[in-house]
Amino acid sequence: MSGDRKEAGAGDVMLSNEAFHDLFEDATRLAAGSHSGVYATRPFVTLTYAQSLDACIARERGKPLLLSGKDSMLITHKIRACHEAILVGVGTVIADNPSLTTRLVQGASPRPIVLDSTLRTPLTSKILNRPPKEAPILVCSRDRLDNSVELKHRA
């Protein structure tokens with residue numbers, strides 16, 4: 001977001017924590033209503049990410065960088081609790097080894113879906129240590145699927 005107030009209204013919006021929480025609560029109510037009626041045939045999708053002021057999402061390759069504060073992490077976990085699945089790339093799994101759970105709030109954790117065309121997801125990844133009904137879905141190319149017996153049993 002730009003720090004130049006003259007650009008306010010040109011797409012950038014700055015919200016206080018209270019206003020953001022109110023907006024989140026409104027979105028949650030809308031999401032709950034979207035699972036019935038005319039919206040029942042369409043997926044409910046939310047895109048979230050964090051980035052530093054220099055537009056980076058990592059300090060250096062393979063070293064995770066915490067960009068979110070306590071309030072932001074709580075909101076992220078609330079958003080996760082409203083969804084059935086969470087989509088990440090294998091790069092995130094390798095670099096950050098995320099749990100992708102709702103451990104900070106009450107509610108079911110979303111099922112991870114990992115875009116991993118060459119099956120590089122480490123067998124030690126936290127997302128592979130979940131109950132079978134919460135096991136991740138790995139999206140890969142067909143030729144890789146036949147070659148990975150261990151990942152087939154874990155995901």
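Colleague: What order do the strands take in the open sheet?

Modeller: The order is β1-β2-β3, with parallel pairing, in an open sheet of 3 strands. Strands pair here if DSSP finds at least two bridges between them. Strands (E, at least two residues) and helices (H or I, at least four) are DSSP runs, numbered from the N terminus. This is a predicted model: local features need pLDDT of at least 70, side-chain atom pairs count only at pLDDT 80 or more, and totals for chains, interfaces and linings use all residues. Residues are numbered from 1 along each chain as its sequence is written, and side-chain values use heavy atoms, with hydrogens and water left out.

Colleague: Which strands stand at the edges?

Modeller: β1 and β3 do. Each has a single partner strand, so one side of each lacks a neighbour in the sheet. From one strand to the next, the twist averages 20°. That angle runs from 0 to 180 degrees between N-to-C directions, with axes as lines fitted to C-alpha atoms, for helices over the stretch in contact.

Colleague: How many bridges for β1 and β2?

Modeller: They pair in the parallel sense over 5 bridges. The chain goes from β1 through α3 to β2, a right-handed β-α-β crossover. Right-handed means that, with the strands pointing away from the viewer, the path from the first strand over the helix to the second runs clockwise. Ala85 stands opposite Arg111 in β2, and Leu87 stands opposite Ile113 in β2.

Colleague: And how many bridges join β2 to β3?

Modeller: There are 3 bridges between β2 and β3 (residues 137–139), and these strands run parallel. Ile113 stands opposite Ile137 in β3.

Colleague: Which β2 residues are on the covered face?

Modeller: Pro112 and Val114. The uncovered face holds Arg111, Ile113 and Leu115. In a regular strand, side chains alternate between the two faces of the sheet.

Colleague: Switching to the core. Which residues make up the largest nonpolar one?

Modeller: It has 9 residues: Ile86, Val88, Val90, Val93, Leu100, Val114, Leu119, Ile127 and Leu138. A nonpolar core is a set of buried Ala, Val, Leu, Ile, Met, Phe, Trp, Tyr and Cys residues joined through side-chain atoms within 4.5 Å. Buried means under 20% relative accessible area, exposed over 50%, partly exposed in between (1.4 Å probe, protein chains only). In soluble globular proteins, nonpolar side chains tend to be buried together.

Colleague: What does Ile86 touch?

Modeller: Arg80, Leu100, Pro110, Arg111, Pro112 and Ile113, not counting residues up to four places away in sequence. Contact means heavy atoms within 4.5 Å.

Colleague: Leu119 is on your core list. Is it buried or exposed?

Modeller: Leu119 counts as buried, at 16% relative accessibility. It lies in the loop between β2 and β3.

Colleague: What about phi of Asn97?

Modeller: Phi of Asn97 is near 45°, again positive in a residue other than glycine. Asn97 sits in the loop between α3 and β2. It counts as partly exposed, at 25% relative accessibility.

Colleague: Where does Thr101 lie, and what is it in contact with?

Modeller: Thr101 lies in the loop between α3 and β2 (111–115). It is buried, with a relative accessible area of 19%. Leaving aside neighbours within four places in sequence, Thr101 contacts His77, Arg80, Ser109 and Arg130.

Colleague: Now α2. Which of its residues are buried?

Modeller: Ile75, His77, Ile79 and Arg80. α2 (residues 70–81) has 12 residues. It reaches 17 Å from its first C-alpha to its last, close to the 16 Å expected at 1.5 Å a residue. The expected span is 1.5 Å times one less than the number of residues.

Colleague: How far apart are Ala135 and Ile113?

Modeller: They are 22 residues apart in sequence and 9.1 Å apart in space, C-alpha to C-alpha. Ala135 lies in the loop between β2 and β3, and counts as buried at 8% relative accessibility.

Colleague: Last one. How many helices and strands does the protein have?

Modeller: It has 5 helices and 3 strands. From the N terminus on, they run α-α-β-α-β-β-α-α. Buried residues make up 22% of the 155 residues. Among contacts between residues at least 6 apart in sequence, 60% join residues at least 24 apart.
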